[in-house]
Structures are given as C-alpha cells and as structure tokens.
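Here's a quick briefing to read with the model open beside you. Take it topic by topic, and find each residue on screen as you go.

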Amino acid sequence: MPDTQGDIDREIADISTAVAKAVAGGEPEPEHPLRDYKPYRSSTLRHPHLPLILTEQADTELRGPVFGVTDVTELDRDLTRHGLGEPLGERITLTGRVLDRDGRPVRRQLVELWQANAAGRYAHDRDQHPAPLDPNFTGTGRCLTDDEGRYSFTTIKPGAYPWRNHLNAWRPAHIHFSIFGTAFAQRLVTQMYFPNDPLFRYDPIFNSVPSEAARQRMIATYDHDLSSPEWSLGYRWDIVLDGPSATWMEEGR
C-alpha cells in the first residue's frame, strides 16, 4: 500500500517539531532542507552519500556551456508566443528583481524558467500525467536582468499535478527558476509558488524548507497595478541570492 497523506503529515510535523526544539535549545536554524528529507521520498535515493569533490573553478568554467548577450531575445521572455497560436490558460505577467544580500541589483544575469502548462503537464517525454498537452506552449523561457536587476516574463499560470510521492500526492502550482552568476557553474535553482494555494500544507517539497519565513519568501505577490485590462494578471517575486533574507535554493536535488 502506498503511504497515506496522514503518514506524510505526521512525518512533516515530527521534523518541524524537532527543528523547533533544536532552535529553542540554542542551535542555529538550518539554512537548507535535509538532502534526505524523508517525506520527499525520492530524496533518500538521490541525495549524495559521499563528500562532494571540489574542482578548480577555472576547470569547470572552461568546460561549461557559454552564451552571448545577443543569444537572448525579447521573444524568449514571452512564453505565449512560442507556438503557432495562443496557449490555453490564465495569462500572467511575472516580474521581480534579482538582488544581493544588501539589496543591490544583480545586473545582466541570465534567468531561466520552466513550468507545467495550465492542465498541469510538462512538455517532456517523461511526463505521462494523463492531462492534455498544449501544442502552443513549451513551458520554457529566459531573459537577462536589466540595470535595476529586473526580470519579466509573460506566461500561463501552471496547473497542479500528481507526482506519486505518496497516495493522492499533488504539487501546488509552481514555476521553476534558474539563475546564473558569471559562469554556468554558479547556477542556482529555486521554485516560485502562488498565494493562498490549498496544497501547501500537503506538499513535502514546499515543507522541506525548515523556516516558515523562508517558505513565505518563495510565494509571489499578486499586484493589481501590474495586471493588464483584458490581458493578464500580475505577480511580483524578488530573488535574493544570499544573506538572512535569501530566497531558498535547491541544493543537491
């Protein structure tokens, strides 16, 4: 029998209680989720079991892929224009800033995103969720931050989807973000969620982030002034790369 939601709820509650007790006892709050976070079933199989091997930075950078500024176009940021017609779903405008720990803009950074379509299905061969594919939606986009550290995308709000972590497991609607530094070896990956999603409490990936404050920083804010009449709803979400207000980044996933 697959694990029930009750089993997952108890595991999440036990881990949260243990973290709270450790912090109350004077231990620092964990900065990152456990790499083998038990409620997130596949993490026990995928996390590193041996110490990481450090390589010379120059070695990884010289052998990594590269891109030029001219390779990224305005079309790349509008995911509703990558097909022959209009994709289905709720069109959204998404913007925010990439900032350092002191609130300074991080300029000319490559920001990539990927996501499921409005029905909760990725345009990927391994996604066999029996939801419809959208021939006019690839679910991928990219842009460069401007001089204010700002990025922006036009896309479709993704749907929730089942992920077989346990019985009746559904992921909240989310968008994956990838931010690059001065080289591809410095890539950081995170997830952005939408406000007031009822699936938050049931999702082990969201709840693997140990701090409630850090979880809240993963949720975008609806911005009515950013919404366009007869066109799209607007959301804002800033990405802070480090420091006490840093956006949670996936580590070893």
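**The quick tour**

Buried residues account for 43% of the 253 residues in this chain. Keep in mind that what you're looking at is a predicted model.

**The whole chain**

- If you count up the secondary structure, you get five helices and 11 strands.
- The radius of gyration is 19 Å, close to the 18 Å that the globule rule gives for 253 residues, so the chain is as compact as a globular protein of that length.
- Take the contacts between residues at least 6 apart in sequence: 68% of them join residues at least 24 apart.

**Surface and charge**

**The nonpolar cores**

- The largest nonpolar core is made of 23 residues. Tyr 151, Phe 153, Phe 177, Met 192 and Ile 239 are the ones with the most contacts inside it.
- Which strands each supply at least two residues of this core? They include β1 (91–99), β2 (110–114), β4 (150–156) and β7 (174–179).
- Leaving aside residues up to four places away in sequence, Met 192 touches Leu 94, Ala 173, His 174, Ile 175, Phe 177, Met 218, Ala 220 and Trp 237.

**Two residues with a positive phi**

- Some background first: most residues other than glycine have a negative phi.
- Arg 108 has a phi near 55°, a positive value in a residue that isn't glycine. You'll find Arg 108 in the loop between β1 and β2. Its relative accessibility is 45%, so Arg 108 counts as partly exposed.
- Asn 168 isn't a glycine either, yet its phi is positive, at about 60°. Look for Asn 168 in the loop between β5 (161–162) and β6 (170–171).
- Is Asn 168 buried or exposed? Asn 168 is exposed, because its relative accessible area is 59% and the cut-off for exposed is over 50%.

**Thr 95, in a strand**

- Thr 95 sits in strand β1. With a relative accessibility of 6%, Thr 95 counts as buried, because buried means under 20%.
- What does Thr 95 touch, not counting residues up to four places away in sequence? The list is Arg 150, Tyr 151, Ser 152, Leu 226, Tyr 235, Arg 236 and Trp 237.
- Thr 95 and Glu 230 are 135 residues apart in sequence, and from C-alpha to C-alpha they are 19 Å apart in space.

**Ser 16, in a helix**

- Ser 16 belongs to helix α1 (residues 5–24). Ser 16 has 39% relative accessibility, so it counts as partly exposed.
- How far apart in space are Ser 16 and Ile 219, C-alpha to C-alpha? The distance is 20 Å, and the two residues are 203 apart in sequence.

Conventions:
Residues numbered from 1 in each chain as written. Predicted model: local features only at pLDDT ≥ 70, side-chain atom pairs only at ≥ 80, totals over all residues. Heavy atoms only, no water. Helix = DSSP H or I, 4+ residues; strand = E, 2+ residues; numbered from the N terminus. Rg over C-alpha atoms; globule rule 2.2 N^0.38 Å. Buried < 20%, exposed > 50% of the residue type's maximum accessible area, 1.4 Å probe, protein only. Contact = heavy atoms within 4.5 Å. Core = buried A, V, L, I, M, F, W, Y, C linked by side-chain atoms within 4.5 Å.
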